[in-house]
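Colleague: I am new to reading structures. Could you walk me through one, feature by feature?

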Amino acid sequence: MDFSLSEEQSMLVDSVSRFIDNDYDFETRQRNAARDEGFDPATWRQFADLGWAAVPFAEDDGGLGGGPIEVALLMQQFGRGLVVEPYLANIVLAGGALRQAGNAEQKSEWLGGLIDGSRHAAVAFAEPQSRFDIADVATSAAAVDGGFVINGSKSMVLNARNADVFVIPARTGGSRNDKSGITLFLVPADTAGIGIRDYATVDGHQAAELLLTDVQATATAVLGNIDGGFDTLRSIVDDATLAVCAEAVGIMSTMHEKTVEYSKNRVQFGVPIGSFQALQHRMADNLIACEQSYSLMLWAVMLKAAGADDTSRAISALKYQIGTAGRRVAQEAVQIHGGMGITWELDIAHYFKRFSAIETLFGNADFHLDRYVALSA
Amino acid sequence: MNVNFSADEIAFRDEVRTFLDEKYPQDLRDKQAQGIRWDREDHLRWQKILYEQGWAAVNWPVEYGGTGWTVIQKYIFANEIAEADAPDMIPFGVKMVAPVIYTYGNEEQKERFLPDILQSNVWWCQGYSEPGSGSDLASLKTRAERDGDHYVINGTKTWTTLAQMADWIFCLVRTSSDVARRQEGISFILVDMRTPGVTVKPIITIEGEHEVNEVHFDNVRVPVENLIGEEGKGWTYGKVLLQHERTSTAGVARSKFRLNRLRRKCGESLHGAAPLIEDRNFARKLAALEIDLKALEYTDLRTLAAVAVGKAPGPESSILKVRGTEIQQGLDALFMEAAGYYALPYVPDQYVAGFVQDERVGAGTETRTSLTYFNNRKASIYAGSNEIQRNIISKHVLGL
């Protein structure tokens, strides 16, 4: 058992953290989020040039051979900087699907572009009725000569606006909530029949609803096995859950630190508000929550890295922790900032909104506590 | 970064398991399983078995008889002890006064006191709190006045755990009132409980047991060689001790053992009913507690890893104390909830040695759950209440 970072891991953290401190202040973040793309393409290319986009891919696939620990360290820093560039959608979700289930041809077609930042992708993991159950796939893929015809709806498709290709789970067998019978399709975004209703999300990111009407997919579009897509879907959604939890750990700690700093400078009744015990104890509790969340993150990423059986259970534990203890830290940060905490002008409000979005993404605290219970049985 | 144990660590774990299998006496195991409180001789017998194995002083430097174990070995050891349902060492000697003696005592004091602590020849208790000094420890009033080669001690200490079994007491006493800060002028003195003028009066706690006491000092004459370190510096020494105390109050291994036992018990069908674990509300409460505990386990390990590279346990140990005791109390409450009506019969005789088992009310130790729940409300109050811990975090970690 070892908690220390390797030399490569330390260098990675240093490089991202320097970038956040020097080149990604709050104004830059807001400017990037306000662009049509929802992020800054030049910054995204910089992420690729610095090798960050290549981190989780095998060297044979043009990657750096990193794993969940490296991704978590990156995401934690991205949380600190409130980064809007689509690392989660391109690298963790779509890249993960290709990495885990793609054949040689599919990898060579798409991975290079994702890693060098020239192409974008999106995974349609949710449907309007599915809530957080990724097995609830009503979208159908009917077999026809030479391929499949896909019909259905998808929601909260992150990065859909920029995607060159979609990963679409569709039902080729079984009934609506069955884990078997789900097939993943790799469908170019310009395929006829894909309707995109895109929108900004409350946290400054972007996503879309997809309406799929008689979308043609060739047999070569199948990613992985027919009817056997659920395991890949669950695995990449677990990875994505872990990634946003690491981002949330970075956000929580930043909100906590900014709040402590603010309480030292904000004077009311002739004294800094940080001198009030009612606030001190709450900030002490926030520190405890930050430390406890970071500890659980280490547990979950180390289990993931070791390929342990109870990794999914650990990820649900972490997501529950983020959705409960983390939520209190985020809410208290806004509360202690007083009226300023609820202005658009102050960064705290935007950290709060991103944190709140993460609470919902891939299942909220209640959902994950139930999943934890089920996996403990 | 990785979670795996090395081959050496697995071998060490097996060694500890084998030792416990072979050397943890069956009569003591039975008492523990039946919830029967151990007496002084039981504790000393078990601690001497650990001493014979060389495992009595896990955290001491090797030169004084410590183990020299790595952080992970200590973690494994604590887990195995808990898993065997063996009690922890009575902390006042080996965990509390000994580090002060080997850090601040002179050579003569080390030779005089440490071997008896290591071998469990002497039972220690702690004289910190006073009737007027609870959380505000620096307001303590027990005085020690110099008279030739002696200090003459007058005053009262309270909440003194197991003083009725103790041979010696370590005390914080005021040796000077003419000081700029109240924390100055306090000294750290060791007192033989048999000295004339020392009397012990029981305090019966909420669950009806005699665990704590008041200790009165009436013109108690103590040789000056029983002063540790410098006169007037006792607060500094005592603070170091408290940080050690807080780290060890996290109690992660013990809580893990209790949680797993609760999960097992709730998986069984009691009194013909459906297993409680199938109740969704209960299962979710248990899961939430388990998640908290896992987080604490890793926070504890991170702290230990920092200590291993030479950092003293700092104010962060307050985090362990707060969360550790909150989780223990959460478990206490869940055990009591799980017992249902059987938490209510007040049958303390069932937990005294010699009780005839077939007259027992309730299955197993269900009727003990409420006693534990009541008694352990102490956990968030002792060793610096959890509110004091939050003050420490605010001041020393957050800089407020």
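**Pocket and interface**

Modeller: Start with a pocket. This is a predicted model. Its second largest pocket holds about 720 Å³ of space.

Colleague: Which residues lie nearest the centre of the second largest pocket?

Modeller: Look at the lining. Here 36 residues line the pocket, and nearest its centre lie Phe132(A), Asp133(A), Ile134(A), Phe362(A) and Phe367(A).

Colleague: Which helices of chain A each supply at least two residues of that lining?

Modeller: They are helix 7 (230–265), helix 10 (347–360) and helix 11 (365–376). By class, the lining has 18 nonpolar, eight polar and ten charged residues.

Colleague: Now the interface. How many residues does the contact take from each chain?

Modeller: Chain A gives 40 residues and chain B gives 37. Together the two chains bury about 3600 Å². Carbon and sulfur atoms account for 66% of that area.

Colleague: How many salt bridges cross the interface of chain B and chain A?

Modeller: A salt bridge pairs a Lys or Arg nitrogen with an Asp or Glu carboxyl oxygen within 4 Å. Six are found across this interface. One joins Arg390(B) to Asp285(A), with N and O 2.7 Å apart.

Colleague: Which elements of chain B give two or more residues to the side that touches chain A?

Modeller: Four helices of chain B do: helix 4 (71–83), helix 9 (280–308), helix 10 (317–339) and helix 12 (386–397). Helix 9 of chain B has the largest share, 16 residues. The side of chain B that touches chain A has 20 nonpolar, six polar and eleven charged residues.

Technical notes:
Residues numbered from 1 in each chain as written. Chains lettered and ligands numbered in written order. Predicted model: local features only at pLDDT ≥ 70, side-chain atom pairs only at ≥ 80, totals over all residues. Heavy atoms only, no water. Contact = heavy atoms within 4.5 Å. Buried area = accessible area lost by both parts, 1.4 Å probe. Salt bridge = Lys/Arg side-chain N within 4 Å of Asp/Glu carboxyl O. Nonpolar A, V, L, I, M, F, W, Y, C, P; charged D, E, K, R; others polar. 1 Å grid on protein atoms, 1.4 Å probe; cavity = no way out; pocket = protein on both sides within 12 Å on 5 of 7 lines; lining within 4 Å. Points joined across faces, edges and corners; volume = space filled by probe spheres on them.
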